[in-house]
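Here is a short tour of one model. It covers a helix, some paired strands, the nonpolar cores and a pocket.

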Amino acid sequence: MNQVARPVRADEWREAKELRLAALRDPVAPIAFLETYERAVAEPDSFWRERTEGAADGTRVRQFVAEGPDGTWGGTVTVLVEDEGADDALGGTVRRRQTHLVAVYVRPGCRGAGVIDALIETAVAWSWSVAEVTRARLHVHEDNARAERVYRRCGFRRSGETVPMRGEPAKAEREMILDRL
């Protein structure tokens with residue numbers, strides 16, 4: 001792998017915007033992301049600046065990118081800190097202090113090259129650095145077997161919890177967890 005995972009920097013909002021829009025144009029985007037391309041592309045630059053600034057040095061949100069030697073970004077993951085009792089992004093209530101990995105994306109040309117492993121490893125390492133966090137979680141659509149295989153390879157396992165897919169309640173999002181040893 002020739003890409004290194006690192007935190008996004010506040011001034012990289014243009015790159016963060018471009019990568020997010022690419023993710024939302026991916027063929028699996030409808031089952032991988034809650035946001036749509038149409039909604040995201042309509043956001044003003046100020047939205048992307050604030051989003052990137054908040055995820056660059058955040059203590060509640062942190063975005064990581066995989067960067068190649070030429071400066072190109074091959075993928076990204078964002079980590080949210082969730083506190084016990086808070087509402088989560090999928091309409092549930094958080095049962096323990098944990099992190100939630102979201103917006104996971106690797107460009108097609110970088111898949112199979114270890115980029116996702118580096119991103120997940122970096123996201124989990126940051127998770128363990130957050131006070132009192134002993135669990136990382138993510139959700140994967142029941143029809144996204146490829147993503148589930150990747151997360152299993154990275155140490156995640158199904159928790160047994162599911163939530164209905166937004167806009168398609170007959171389908172489920174499976175929670176996958178990784179407990180700190």
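Which residues of α5 are buried? They are Val 115, Ile 116, Ala 118, Leu 119, Ile 120, Ala 123, Val 124, Trp 126, Ser 127 and Trp 128. Buried means under 20% relative accessible area, with a 1.4 Å probe and protein chains only.

This is a predicted model, where local features need pLDDT of at least 70, side-chain atom pairs count only at pLDDT 80 or more, and totals for chains, interfaces and linings use all residues. Residues are numbered from 1 along each chain as its sequence is written, and side-chain values use heavy atoms, leaving out hydrogens and water.

Helix α5 spans residues 115-129. Its 15 residues reach 21 Å from first C-alpha to last, close to the 21 Å expected at 1.5 Å a residue. The expected span is 1.5 Å times one less than the number of residues. Helices (H or I, at least four residues) and strands (E, at least two) are DSSP runs, numbered from the N terminus.

**The strands.** β7 pairs with two strands, listed here. Two strands pair if DSSP finds at least two bridges between them.

| Strand | Partner | Sense | Bridges |
|---|---|---|---|
| β5 (residues 135-141) | β7 (residues 168-179) | antiparallel | seven |
| β6 (residues 157-165) | β7 | antiparallel | six |

Arg 135 has Asp 179 in β7 as its bridge partner. Arg 158 stands opposite Met 176 in β7. The hairpin of β6 and β7 has two residues between the strands, and Gly 167 takes a positive phi near 85° there.

**The cores.** A nonpolar core is a set of buried Ala, Val, Leu, Ile, Met, Phe, Trp, Tyr and Cys residues joined through side-chain atoms within 4.5 Å. The largest has 31 residues. Phe 64, Val 77, Leu 101, Leu 119, Ile 120, Tyr 151 and Phe 156 touch the most other members. α5 gives the most to this core, with nine residues. Apart from it lies another core, of 17 residues, among them Ala 23, Leu 24, Ala 40 and Trp 73.

What does Phe 64 touch? Not counting residues up to four places away in sequence, its contacts (heavy atoms within 4.5 Å) include Val 77, Leu 119, Ala 123 and Trp 126.

**The pocket.** The second largest pocket is lined by 17 residues. Nearest its centre lie Thr 93, Arg 95, Arg 137, Glu 161 and Glu 175. β6 gives the most to this lining, with four residues. A pocket is an open set of points on a 1 Å grid over the protein atoms alone, where a 1.4 Å probe fits, with protein on both sides within 12 Å along at least five of seven lines; lining residues have an atom within 4 Å of a point.

Notes:
Buried < 20%, exposed > 50% of the residue type's maximum accessible area, 1.4 Å probe, protein only.
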